[in-house]
Amino acid sequence: MNTKRIKFAIFLSLIFTTLIPGTCVSANVNQADSYNPEKEILEIMDEERSLYLTDLAFYREAASKGLSFEELLHQKAMTTYQNRVKMRTIASVYDLGNNGNNVYTTIPLIKQTSSYNCGPTSALQALYGMKRQSSVQGNTDAEKITTLMNECGTDKSGTMVYKMVEVLNNHSDLFDYKYTKGTSMTETEFQGKVETSLFYNMAPILHARTEYLTSYYKGHRSGHYIAICEVDRVNKTIRVKDCNNNEEYYGVHVVSVTEAYQSITESKESERYLIHMSY
């Protein structure tokens, strides 16, 4: 079944039943319509432009797709816009998780099968949260991880953030993910993005530096993808299901929101990201 075709059909039905016709960005955005989707898309582009101006992952993605900065920015703005339309239209009937003091989604704990495939493994965990694991070829989790490794272009150097997002979105059937550079958001904004993603059963993923997860990595230094499954708003903690194939770090762990935030903001060696629902 063609997931992208299904997602596009859902979006078109929403557009034609809830919005005025037409999504061409080149149209006149000053027209006096009660609701103007073209104007909203341009506003999203303006909102997101500053996020990507110095984002190396964005430029890598643009180069890999043969797109200019503005062309890729427009694509991402369209994704954000489509997700917002869907949230406004069908959120009330979507199968949502708890939205009280604890916001969560249900994902399995899966151990990565090599030292460098934490990306595809955490992606599979997130797909389980969306009940989309069956869209990945393979009869076992190990086989599914191999499929996702091939789709992500994973090698011994790891997995590119933008490829992770691209593959997650290829398998998603409703909402889409995006990546946001850690240093481009405040801790409060970070927690908000994590909570919103969990609310829609889209497990966020930390593109972390483990030395800043001091509560259980104890100074061990590595780059690592880690799936988030819960936020405790009262205690300001985050629960993760770490796929690390090292038994010392593998498992379910609780860290502070600050600790999780620092794991994608404090690195001086490379840019780090949060992979989360685009909205």
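**Reading contacts, rings and cores in a predicted model**

Tutor: The side chain of Thr154 makes a polar contact with the side chain of Thr159, at 2.7 Å. A polar contact is here a pair of N or O atoms within 3.5 Å, where, within protein, one atom must be able to donate a hydrogen and the other to accept it, and where residues adjacent in sequence count only if both atoms are side-chain atoms. The model is predicted, and local features need pLDDT of at least 70, side-chain atom pairs count only at pLDDT 80 or more, and totals for chains, interfaces and linings use all residues. Residues are numbered from 1 along each chain as its sequence is written, and side-chain values use heavy atoms, with hydrogens and water left out.

Student: Where does Thr154 lie, and is Thr154 buried or exposed?

Tutor: Thr154 lies in the loop between α6 (141-152) and α7 (161-171); helices (H or I, at least four residues) and strands (E, at least two) are DSSP runs, numbered from the N terminus. With a relative accessible area of 13%, Thr154 is buried, given that buried means under 20% relative accessible area, exposed over 50% and partly exposed in between (1.4 Å probe, protein chains only). Beyond its neighbours within four places in sequence, Thr154 is in contact (heavy atoms within 4.5 Å) with Tyr116, Asn117, Pro120, Met149 and Thr159.

Student: Which backbone oxygen lies 2.7 Å from a polar atom of the side chain of Thr89?

Tutor: That oxygen belongs to Val85. Thr89 itself is placed in helix α4, and at 29% relative accessibility Thr89 counts as partly exposed.

Student: How should I read a pair of aromatic rings, and how many aromatic pairs does the structure hold?

Tutor: A pair of aromatic rings is described by the distance of the centres and the angle of the planes. Rings of Phe, Tyr and Trp (its six-membered ring) pair if their centres lie within 6.5 Å, and planes under 30 degrees apart count as stacked, over 60 as edge-to-face and the rest as tilted. The structure holds eleven such pairs. Tyr52 and Tyr179 are both buried. Another edge-to-face pair is that of Phe199 and Tyr200, with 5.2 Å between the centres and 80 degrees between the planes; Tyr200 counts as buried at 7% relative accessibility.

Student: Which residues do ring pairs link into a cluster?

Tutor: The cluster consists of Tyr52, Phe58, Tyr59, Phe69, Tyr179 and Tyr273.

Student: How is the strand β2 placed, covered or exposed?

Tutor: Strand β2 is mostly covered, as five of its five residues are buried. Tyr177, Tyr179 and Lys181 point one way from β2, while Lys178 and Thr180 point the other way. β2 pairs with strand β7 (residues 273-277) in the antiparallel sense over five bridges, where pairing requires that DSSP finds at least two bridges between the strands. Within this pairing, Lys178 stands opposite His276 in β7.

Student: What is the general idea behind a nonpolar core, and which residues have the most contacts inside the largest one?

Tutor: In soluble globular proteins, nonpolar side chains tend to be buried together. A nonpolar core is here a set of buried Ala, Val, Leu, Ile, Met, Phe, Trp, Tyr and Cys residues joined through side-chain atoms within 4.5 Å. The largest one has 50 residues, and Leu168, Tyr177, Tyr179 and Ile275 have the most contacts inside it. Helix α4 (residues 69-90) gives the largest share of this core, nine residues. Not counting residues up to four places away in sequence, Leu168 touches Ala123, Ala126, Leu127, Tyr177, Ile205 and Ile275. Apart from this core lies another, of 22 residues, among them Val103, Phe190, Leu213 and Ile264.

Student: Finally, what should I look for in the phi angles?

Tutor: Most residues other than glycine have a negative phi, and most peptide bonds are trans. Lys131, although not a glycine, has a positive phi of about 60 degrees; Lys131 is found in the loop between α5 (118-129) and α6 and counts as exposed at 61% relative accessibility. Lys218, also not a glycine, has a positive phi of about 50 degrees; Lys218 lies in the loop between α9 (214-217) and β4 (223-232), and at 63% relative accessibility Lys218 counts as exposed.
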